[in-house]
Amino acid sequence: QKAVYGDGKKFSSPAEQEEYVRTWLREEAKLVEESQELRIEWYNAWQNKAENSLYSMGDITALIPAEAADIMILEEPEHLNWYRAPGQSWTHKFKHVI
């Protein structure tokens, strides 16, 4: 958290961090509607400090119900795929992947 948010911010729970993100979207980015509609999912991961990267610790696709698997936009997809857990690939789970 320190590497992303600086010395002054540490979250005690995923809910607290989510509220921080939504507040930033609403107040700083002026994305009011998006701050309400954005679906945030948390997953277990480990950090490789030398690479400054996070890697998932399991099958992230299993966290997403089939009825919600429409379009997926992957931010830095290499981090979600380098150590691929068993399970469906993104392109099999979702109708469209960017």
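Modeller: Happy to, starting with a term we'll need: a residue is buried when its relative accessible area is under 20%, exposed when it is over 50%, and partly exposed in between (1.4 Å probe, protein chains only). This is a predicted model, so local features need a pLDDT of at least 70 and side-chain atom pairs count only at pLDDT 80 or more, while totals for chains, interfaces and linings use all residues. Residues are numbered from 1 along each chain as its sequence is written, and side-chain values use heavy atoms, with hydrogens and water left out.

Colleague: Good. What's the pattern along the sequence?

Modeller: It runs α-α-α-β-β-β-α-α-β, with 5 helices and 4 strands. These are DSSP runs numbered from the N terminus: helices are H or I with at least four residues, strands are E with at least two. The C-alpha atoms fill a box of roughly 40 × 35 × 20 Å along the principal axes. Of the 98 residues, 21% count as buried.

Colleague: And where is confidence lowest and highest?

Modeller: The pLDDT, which is the predictor's confidence in each residue from 0 to 100, has its lowest mean in helix H4 (residues 77-81), at 64, and its highest in helix H3 (residues 32-37), at 96. The protein averages 84, and 91% of the residues score at least 70.

Colleague: Okay, charges now. How many salt bridges does the structure hold?

Modeller: There are 3, where a salt bridge is a side-chain nitrogen of Lys or Arg within 4 Å of a carboxyl oxygen of Asp or Glu. One of them joins Arg22 and Glu18, with their closest N and O atoms 2.8 Å apart.

Colleague: How many residues apart are Arg22 and Glu18 in the helix?

Modeller: They are 4 residues apart in helix H2 (residues 14-27), so about one helical turn separates them.

Colleague: Is Arg22 buried or exposed?

Modeller: Arg22 is buried, because its relative accessible area is 12%.

Colleague: What about Glu19, which residue does its side chain meet in a salt bridge?

Modeller: That would be Arg26, at 3.7 Å from N to O. Glu19 is partly exposed at 42% relative accessible area, and Arg26 is partly exposed too, at 30%.

Colleague: And Arg39, which residue does it form a salt bridge with?

Modeller: Arg39 pairs with Glu41, the closest N and O atoms being 2.8 Å apart. Arg39 is partly exposed at 45%, and Glu41 is partly exposed at 39%.

Colleague: Which backbone oxygen does the side chain of Lys93 reach?

Modeller: The one of Thr61, at 3.0 Å. That is a polar contact, meaning a pair of N or O atoms within 3.5 Å; within protein, one must be able to donate a hydrogen and the other to accept it, and residues adjacent in sequence count only if both atoms are side-chain atoms. Thr61 is buried, with a relative accessible area of 1%.

Colleague: Which side chain does the Thr61 side chain contact?

Modeller: The side chain of Asp59, in a polar contact of 2.5 Å. Asp59 lies in the loop between strand S2 (53-56) and strand S3 (71-72), and Thr61 is found in the loop between S2 and S3 as well. Asp59 is partly exposed, at 21%.

Colleague: Changing topic: what's the phi of Lys30?

Modeller: It is positive, about 60 degrees, although Lys30 is not a glycine. Most residues other than glycine have a negative phi. Lys30 lies in the loop between H2 and H3 and is exposed at 62%.

Colleague: Last one: which residues form the nonpolar patch on the surface?

Modeller: Ile71, Ile73 and Ile98, with about 340 Å² of accessible area together. Patch members have over 30% relative accessible area and no salt bridge; like charges are joined within 9 Å, and nonpolar side chains (Val, Leu, Ile, Met, Phe, Trp, Tyr) within 5 Å. Areas come from the Shrake-Rupley method with a 1.4 Å probe, and for residues only the protein chains shown count as cover. Ile98 is in the segment after strand S4 (96-97) and is exposed at 57%.
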